[in-house]
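Please read the briefing below alongside the sequence and the coordinates.

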Amino acid sequence: MITSSIPRTVAGAPAMTAATAQPGADACKIGIKNLVKQFQTKDGVFTAVDNVSLDIPSGEFFTIVGPSGCGKTTLLRILAGLEQASSGSVEITRSGQQRPANSMVFQGDSLFPWMTVWDNAAYGLKMRKVPAAEIRDVVGHYLERTGLTRFRNAYPHQLSGGMRQRVSIARAFANDPEILLMDEPFSALDEQNKTLLQEELLRIWEETKKTVVFITHSVDEAVTLSDRIMIMTAHPGRCKALIDVPFERPRRVIELRSQAEYGELVYRIWGYLRDEVQQAKCQEEKKGGVK
Ligand SMILES: Nc1ncnc2c1ncn2[C@@H]1O[C@H](COP(=O)(O)OP(=O)(O)O)[C@@H](O)[C@H]1O
Ligand SMILES: [Mg+2]
């Protein structure tokens, strides 16, 4: 396995490395070892992520749940290279092709308001100077898969919240990144839209089998979408439990939720999460409700 430093790693800081997959190499896509993230605050050092170690295999839909403020976004930002770890390491195995390292989908709008749906979805490919014919095929495909073909010439302000999130999803998949990072992408949507988007995401993901790291507050959403779920503790954020989600794919959201096994798994995960949510609430109250 060839290992090389990504340029954004600064001297003296722990390495965020990229490895290139070799024939016969193991299928680990994201390797996280003893990851710690601390912030300097006016009250001293604040540990947001505390000693997390994880191996995420290629093609896994991996979800992180945990109470508010436990370090989920911080962990994702480190995977995206937007934040530097304080100690420990993150290694992402590259496929050897000219793909972007990652694409992110956030809760809020991350679309360019002055660009049409088409141009937003094509943005990453254009930046990489992908041939025009390929852009036409790929963007056309993902707009079709997200039901956006009719809206290709619309601007973000002309779309509902659900449609805008569809554009973000189309753009992320069109980019064909090594890994896809999603931070509560559906949490601002109403229940019906959320269910539709979960189904669409599952359909597209099943076609592509991208390695996804997904963050959600919703245990239902985690169980619906994931192969595996990490439950994090309240601050400082550690791995409390890793849970396999055994349900067959392809999954149909509504049918899945009607199964007794589904309810049992949601209940089990809540068993792990309940104390952490309570703990996070106490921490917030101690801070005087700030946050
Ligand atoms: N740049 C920063 N400086 C200081 N503290 C931060 C910074 N970024 C995040 N935090 C703190 O780290 C903790 C984890 O934040 P975050 O990862 O956003 O939590 P989550 O996504 O689980 O809600 C929070 O208490 C947050 O206030
Ligand atoms: Mg967050």
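Just after α2, Lys129 takes a positive phi of about 60 degrees; helices (H or I, at least four residues) and strands (E, at least two) are DSSP runs, numbered from the N terminus. This is a predicted model, in which local features need pLDDT of at least 70, side-chain atom pairs count only at pLDDT 80 or more, and totals for chains, interfaces and linings use all residues. Residues are numbered from 1 along each chain as its sequence is written, while chains are lettered from A and ligands numbered from 1 in the order in which they are written.

- Helix α2 (residues 117-127) has as its buried residues Val117, Trp118, Asn120, Ala121, Ala122 and Leu125, where buried requires 20 or more other C-beta atoms within 10 Å of a residue's own, exposed 12 or fewer, and partly exposed lies in between, with C-beta atoms placed from the backbone.
- The cover over these buried residues of α2 includes α3 (132-145) and α4, contact being defined by C-beta atoms, placed from the backbone, that lie within 7 Å.

- Leaving aside residues up to four places away in sequence, Val212 touches Phe61, Phe62, Leu180, Met182 and Trp205.

**Packing of α4 with α5**

- Helix α5 (residues 191-208) and α4 pack at an angle of about 10 degrees with their axes 11 Å apart, the axes being lines fitted to C-alpha atoms, for helices over the stretch in contact, and angles running from 0 to 180 degrees between N-to-C directions.
- The contact is made by Gly162, Gln165, Arg166, Ile169 and Phe173 of α4 and Asn193, Leu197, Leu201, Ile204 and Thr208 of α5.

**Helix α8**

- The buried residues of helix α8 are Leu265, Ile269, Leu273 and Glu276, and what covers them includes β5 (61-65), α6 (219-225), β10 (228-232) and β11 (239-244).
- Glu285 lies in helix α8 and counts as exposed because it has 9 C-beta neighbours inside 10 Å.
- Between Glu285 and Ile254 there are 37 Å in space, C-alpha to C-alpha, and the two are 31 residues apart in sequence.
- Just after α8, Gly288 takes a positive phi of about 80 degrees.

Conventions:
Contact = placed C-beta atoms within 7 Å.
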